[in-house]
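Here are my notes on this one, point by point. Keep the model open beside you as you read.

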Amino acid sequence: MNWLSKIVILSLVFTTANAYSLTNVTVTNELTGDPITVHCYSSNGDEGTTSLTLFGFYWFSFDSDALTEKKFLCSITTQYGSGDYEVWNIYLMNNRCGNNCQWKVHLSGPCVQWKDTLVCQPWQNTN
Ligand SMILES: *[C@@H]1O[C@H](CO)[C@@H](O)[C@H](O)[C@H]1NC(C)=O
């Protein structure tokens with residue numbers, strides 16, 4: 001193999017590695033009481049609906065570089081409240097959780113782990 005084909009192969013390997021960015025979004029139920037329902041989706045695909053008991057968690061992952069629209073939402077329904085929340089978008093990626101967004105569902109609404117703190121949002125609909 002000559003040096004030129006070696007360089008071509010090397011740059012192909014690096015381009016492929018850089019173009020793939022695995023992002024993981026996790027939703028954990030930290031609520032006692034009835035199980036909660038989580039349905040995550042975006043224009044990139046439907047991640048399905050799941051029911052979570054206390055400390056049950058659900059995750060989905062995707063290649064964030066390949067997305068046509070950099071946004072994922074989860075519709076969360078609990079006995080205390082519900083709403084549709086953006087669980088991953090450009091802002092969250094750059095300012096909060098990057099490629100590992102861990103959401104925790106609390107009594108007052110969903111919270112995202114940001115370094116050592118939890119950033120919480122209220123329920124959009126309360127019961
Ligand atoms: C995503 O995060 C969850 C929770 O930490 C973990 O169980 C799962 O293996 C992760 N998935 C990938 C593809 O890294």
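1. What is the strand order in the open sheet of five strands? Reading across, the order is β4-β1-β7-β8-β9, and the pairing is mixed. The edges are β4 (57-63) and β9 (117-120), each of which pairs on one side only. From one strand to the next, the twist averages 25 degrees. Do bear in mind that this is a predicted model.

2. For the overall layout, the protein comes to two helices and 10 strands. Along the sequence the pattern runs α-β-β-β-β-β-β-α-β-β-β-β. Of the contacts with a separation of 6 or more, 58% are between residues 24 or more positions apart. Buried residues make up 21% of the 127 residues.

3. Strand β8 (residues 109-114) pairs with β9 in the antiparallel sense, over four bridges. Look for cysteine 111 there: the residue standing opposite, in β9, is cysteine 120.

4. Which residues surround the ligand? They are Asn24, Thr26, Trp59 and Ser61. By type, this shell divides into one nonpolar residue, three polar and no charged. Two strands, β1 (22-29) and β4, each supply at least two residues of the shell.

5. Now the largest nonpolar core, which has 19 residues. Which of them touch the most other members? Those are Val38, Cys74, Val87 and Cys101. The elements giving two or more residues to this core are β1, β2 (36-42), β5 (71-77), β6 (81-89) and β7 (100-106). That puts β1 in two of these points, as β1 also supplies at least two residues of the ligand shell.

6. Cysteine 74 deserves a click of its own. Leaving aside residues up to four places away in sequence, cysteine 74 touches Val27, Val38, His39, Cys40, Tyr85 and Val87. Val38 and Val87 come up again here, having been listed with Cys74 among the core residues that touch the most other members.

7. With β2, β5 pairs in the antiparallel sense over five bridges, and threonine 37 has threonine 77 in β5 as its bridge partner. With β6, β5 also pairs in the antiparallel sense, this time over seven bridges. Here the bridge partner of leucine 73 is glutamate 86, in β6. The hairpin that joins β5 to β6 runs through three residues.

8. Last stop, leucine 92, in helix α2 (residues 90-95). Why does leucine 92 count as buried? Because leucine 92 has 20 C-beta neighbours inside 10 Å, and the cut-off for a buried residue is 20 or more. Not counting residues up to four places away in sequence, leucine 92 touches Cys97 and Cys101. Cys101 is one of the core residues named above as touching the most other members. For a distance to check on screen, take leucine 92 and valine 112: they are 20 residues apart in sequence and 9.4 Å apart in space, C-alpha to C-alpha.

Definitions and conventions:
Residues are numbered from 1 along each chain as its sequence is written. This is a predicted model: local features need pLDDT of at least 70, side-chain atom pairs count only at pLDDT 80 or more; totals for chains, interfaces and linings use all residues. Two strands pair if DSSP finds at least two bridges between them. Axes are lines fitted to C-alpha atoms, for helices over the stretch in contact, and angles run from 0 to 180 degrees between N-to-C directions. A residue is near a molecule or strand if its C-beta atom, placed from the backbone, lies within 6 Å of it. Ala, Val, Leu, Ile, Met, Phe, Trp, Tyr, Cys and Pro count as nonpolar, Asp, Glu, Lys and Arg as charged, and the others, Gly among them, as polar. A nonpolar core is a set of buried Ala, Val, Leu, Ile, Met, Phe, Trp, Tyr and Cys residues joined through C-beta atoms within 7 Å. A residue is buried if 20 or more other C-beta atoms lie within 10 Å of its own, exposed if 12 or fewer, and partly exposed in between; C-beta atoms are placed from the backbone. Two residues are in contact if their C-beta atoms, placed from the backbone, lie within 7 Å.
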